[in-house]
Amino acid sequence: MRPLIVIRRVPKIDFMRWHFFGFAFSGVLTVVTIVLFLMQGLNYGIDFVGGTLIEARNISGPADLAAMRARLEALHLGDPSLQTFGSPQDVLIRLPQQPGGDAAQMKAVQQAREALGPGIDYRRVEVVGPSVGGELIRAGVLATVLALGAIMIYIWFRFEWQFGIGATLSTLHDVVTTVGLFAIFQLEFNLTTLAAILTIAGYSINDTVVIYDRVRESMRKYRTMSLRELINLALNETLSRTILTVSTVALAVLALLIFGGQVLRGFSIAMLWGIAIGTYSSLFIAAPLLYYVQPNRRAIARSDDAREPGVERAPR
Amino acid sequence: MLYFANWKILVIVGACVLGVLFSLPNLFAPAQLAWLPKAIPHKQVALGLDLRGGSYLLLEVDVAAAQRDRLNTIIDNVRNALRDAKIGYTGLNVEGDAITFTIRDLDRLDAARQALGKVDQELTVEVANDGAGAMRFSTQSTENRRRQAVDQSIEIIRRRIDETGTKEPTIQREGQNRILVQLPGVDNPEHVKALLGRTAKLTFQMVDSSVTVEEARRGRMPPGTEILQAVEDGRGRGGSAYLVRKRVMVGGDTLVDAQATFQNNEPVVSFRFDGTGAKRFGDATRENVGKPFAIVLDNKVISAPVIREPILGGSGVISGSFTVQTASDLALLLRAGALPAPISILEERSVGAELGADSIHAGAVASIVGVALVVVFMVLFYGLFGIFADIALFFNLCLMLAALSLLGATLTLPGIAGIALTMGMAVDANVLIYERIREELRSGRTMLSSLEAGFTRAFGTILDSHVTTLVAGVLLYWLGSGPIKGFAVTLSIGVLTSLFSAILVTRLLIVTWVRQLKPKAIPL
């Protein structure tokens, strides 16, 4: 049984010609992210800033948001935010962090339950006190930094340090711009988002490694080819793999986005973006960066001689 | 390439069979599981609270508060010790984690050090040469006390929760002084929270009637007494206060039973002392007939009845303005015992059973659709080899489920996302191998050597990409909490199983195909 769709020919796209646009685009994106992050900040979920989140379903029919809001406002628990989501019966209620420590948060949710009265099914209630919120931020930032560090060290081990720089920069770019996506659209940034970001870091580096592997292999094979040509060749040779893999992962994530329900929406959006930006950055950031950090080709060729003698060479 | 040692085949096939076998129970409802023959494994993947519905509470034991309480009781001994040794001092106080004071007689510092050293073995005494002094618990004893307090709290929380009839609660230590409570099936934990939030320290203390509360407030406080407020009774009363002797006649730790009952149609709590408690209570009541005593719960007076006759039977009744609910809660708390330190609730996450079921449904649909899309995609782009990859993917899924079941890992909604994602990423290994085989074919190699080269050359790349994902997974597991841990677990397990299935299973399939059917060309 033969495949129905085959990419028969190795494409000859001059990626290096476009890399300036890539750098410029990414530069702008990164700067916009940083500016937005500093000016507007992120729409942090309660995992990070504390507070109360209640997903309530009005059992008898469409929920009366105004009445619910009035009841909650009467409690003087700060400015409650209410919005329907999914169906008109379902309401997402957010109460801000209460002054007065952990006990005050617990009291607030109890009061809210009493104020809203019967006839409401509490599908989800999350209360995060101030002492945990700060820890979660620290743990999250630490995880991201450590992950990047660990990945860089791994690349360093497997490749030469120049590759490590390229991989780290492009992964950092993906992480930053994913945060940017959340800053631009003010999507809720919570623990699941953080998980998505780390997964994106893993995916993006994965993509970069495949290309770097090929660049290094070509360096051994074609010792006289210019670095620019080499990078182009490696990108073209791995292009079909890049497209196929990004497609399968994107299919899986799309299924999650469409069918996975409200709880996974933020995660799926982050992942989808991350896959796109991760693939883009491997092609237009990570690979061209090698041209600028100039890996030591002689050393790479030598390590090849020592390890696997007899690998065929291109005719001179 | 064609050579595959028999033992290797055996291992691969064996692993796949075991994977299928151990993932099988997950297809059945728990009720159906009971009907399966004994030879088939029964262990299912444990569902997280976000999928089965329930409450997750993160508690913190306020060890510092317990320590402050203890310092406050010790401060009397310090005062006595200094007075007995006739050493002048000022500013005796509890500040933070220490008892602080200033010795006035600077030439008697050594005597002061000696006298204070005998107060409590666990306290270290520091008196500087200018007379400023502090007594603290040694780090060792603080550490011991902390551990003890948390262990005891876990025990008492377990008892309290068991009394409420919650099924299969999980109560475990988290970090240094935190306790994680998981209550499956509880979607409104307000009652449990109310029960956990109370220390429930019950004491019986004599009321001092030598002066009125007003007089005591104005500064004529008799030594060894304190003013305690009455419990608010919910009817707007309360606010009254009592002057109570600090010395405890009998403590709640000597209770052996407490029950909510009725007396004159009012809900009350009846209790029974153990031997020592009964004797102490009997003695105290015999000496104080006609005087009132206070029943104090968490530093608030429930009631202050007058002792009409000595109570020698070792049992009694607490009446106050109880409702049926508050009476039965108090009885429950007294039976379970007092917490060694106050507890605060840091985090609550509750999911209703309905949302949990919806999430399972959504996760399952998303995974099935995702896997189906990937399967079709692989066949479209790789034909027969795509089917091989799909078979490997199937075993990968089985192995993942089997590993999750066997490890007793908890499957959460993000965990399901992890599975769906892994399915998408797992075929990456196949894509890498197949693309490589194609390239080798294009460069003019023979069929067999292309296959061989495809696998060996792609391996390094596959390993690199898996390791990097694994790094992210392990870090997530280490630093994440709750549902995120669930995601990290499935992601990491998925990376490992896909390494096995995508490389070894696919390879075995291709080798078998080549051997059995002796194809002339590779359909790629």
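Which residues in α7(A) meet which residues in α13(B)? I started my notebook with that one.

**Ground rules.** I am working on a predicted model, where local features need pLDDT of at least 70, side-chain atom pairs count only at pLDDT 80 or more, and totals for chains, interfaces and linings use all residues. Residues are numbered from 1 along each chain as its sequence is written, while chains are lettered from A and ligands numbered from 1 in the order in which they are written.

**Entry: the helix pair.** I found A195(A), L198(A), T199(A), A201(A), G202(A), I205(A), N206(A), V209(A), V210(A) and D213(A) on the α7(A) side, and they meet G460(B), T461(B), D464(B), S465(B), T468(B), T469(B), A472(B), L475(B) and L476(B) of α13(B). Contact here means C-beta atoms, placed from the backbone, within 7 Å. I sorted the residues of this contact into nine nonpolar, eight polar and two charged. In that scheme Ala, Val, Leu, Ile, Met, Phe, Trp, Tyr, Cys and Pro are nonpolar, Asp, Glu, Lys and Arg are charged, and the others, Gly among them, are polar.

Next I looked up the geometry: the axes of α7 (residues 191–221) of chain A and α13 (residues 447–479) of chain B come within 9 Å and cross at roughly 165 degrees. The two helices are therefore roughly antiparallel (the label for angles over 145 degrees). Axes are lines fitted to C-alpha atoms, for helices over the stretch in contact, with angles from 0 to 180 degrees between N-to-C directions. Helices (H or I, at least four residues) and strands (E, at least two) are DSSP runs, numbered from the N terminus.

**Entry: the whole interface.** I then widened the view: 65 residues of chain B are in contact with 62 residues of chain A. On the chain B side, α11(B) gives the largest share, 19 residues. By class, that side has 37 nonpolar, 16 polar and 12 charged residues.

A strand pairing also links the chains: β5 (residues 120–128) of chain A and β17(B) run antiparallel over five bridges. Pairing requires that DSSP finds at least two bridges between the strands. Here V127(A) stands opposite E348(B).

**Entry: a sheet in chain B.** I traced an open, antiparallel sheet of three strands, ordered β12-β13-β16. Its edge strands are β12 (255–263) and β16 (315–318), each pairing on one side only. The twist averages 25 degrees from one strand to the next. Eight bridges join β12(B) to β13 (residues 266–273) of chain B, and Q263(B) has E266(B) as its bridge partner. Helix α10 (residues 324–336) of chain B lies across β12 and β13, at about 170 degrees to β12(B).

How values were computed. Parallel < 35°, antiparallel > 145°, perpendicular 65-115°, else oblique. Contact = placed C-beta atoms within 7 Å.
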